[in-house]
Amino acid sequence: MSTAFQENRSVFVTGAGSGIGREIALRLAREGLSVMVTDLDVEAGNQTAKLINEEGGRALSAEVDVRNRGQIKAAAELAVAEWGGLHYLVNNAGLVTNHSFKDLTEEAWDLVVDVNLKGQFLVAQQVAPHIREAGGGAIVNLSTVEAAVVVTSGTTAQPHYNASKGGVPMLTKALAVELAADNIRVNCVAPGPIATDFFSLEGVTSPEAMEFMKQRLLVPRVGTPADIAAAVTWLLSDEASWIDGIQMPVDGGWLTR
């Protein structure tokens, strides 16, 4: 068990039913944290909690749509009732729809922006008071390299996704400023291309995709959820206690050139 976290600490993780979110939840549990696993997919969230508990960790799961303030509040209160407090938050939940600018609908725009950006605001607004009451802690938001650059091998992009993720670093900075008085640090991790089913495994691991990505990657491989979980864990931990308000790319060097 890591000494980077004090004993009897707990964390609230959104979108923890699969992919990067599940790996973050598992990693934090292995570091000794109690984990409130939240996801819109109840079965997936339950499975993550089951995996943690089977490894000897401590986890609860709850259905949370990050657009639903009531569900967020109920899950946070459940964690506090079970463990006496909440100390950390990982805003991981996110989605994308396959729309270019020309065919982008208002419904798709609203869905993606509401989940990826407004959702992080709503969750933080509900969970931060519990962190303050516990004496302080840390928040990590998930953005993407597409908060800074458009990643495409063709002529179309996904403007709603870029816009939603582009707001995350600034939300992070604003929260860092406001929550500093509550002894709460707020940082952001920007993943590069990661081998999950978020877009499609084939989309990031095919020979054609790798040929395109090698033009930008300095580390010649696709990232893994474990790469992101390691960075999130470190930013939450006491080892990063003098880091606040930043966006940390975890991208194999994608943003370097």
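Asn8 is exposed, as its relative accessible area is 61%. This residue belongs to a predicted model, in which Asn8 sits in the segment before β1 (10-13). The protein contains 8 helices and 7 strands.

- Most residues other than glycine have a negative phi.
- Asn8, which is not a glycine, has a positive phi near 60 degrees.
- Because the relative accessible area of Asn8 is 61%, above the 50% cut-off, Asn8 counts as exposed.
- Asn183 is likewise not a glycine and has a positive phi of about 60 degrees.
- The position of Asn183 is in the loop that lies between α5 (159-179) and β6 (184-191).

**Dimensions and packing**

- Along the principal axes, the C-alpha atoms of the protein fill a box of roughly 50 × 40 × 35 Å.
- Of the 257 residues in the protein, 50% are buried.
- When contacts between residues at least 6 apart in sequence are considered, 73% of them join residues at least 24 apart.

**Surface and charge**

- The protein has an accessible surface of about 11,900 Å², and carbon and sulfur atoms account for 52% of this area.
- The protein carries 19 positive and 30 negative charges, and the mean positions of these two sets are 4 Å apart.

Terms used
Residues numbered from 1 in each chain as written. Predicted model: local features only at pLDDT ≥ 70, side-chain atom pairs only at ≥ 80, totals over all residues. Heavy atoms only, no water. Helix = DSSP H or I, 4+ residues; strand = E, 2+ residues; numbered from the N terminus. Buried < 20%, exposed > 50% of the residue type's maximum accessible area, 1.4 Å probe, protein only. Contact = heavy atoms within 4.5 Å. Areas by Shrake-Rupley, 256 points an atom, 1.4 Å probe, with all protein chains shown as cover. Lys, Arg positive; Asp, Glu negative; His and termini not counted. Charge placed at Lys NZ, Arg CZ, Asp CG, Glu CD.
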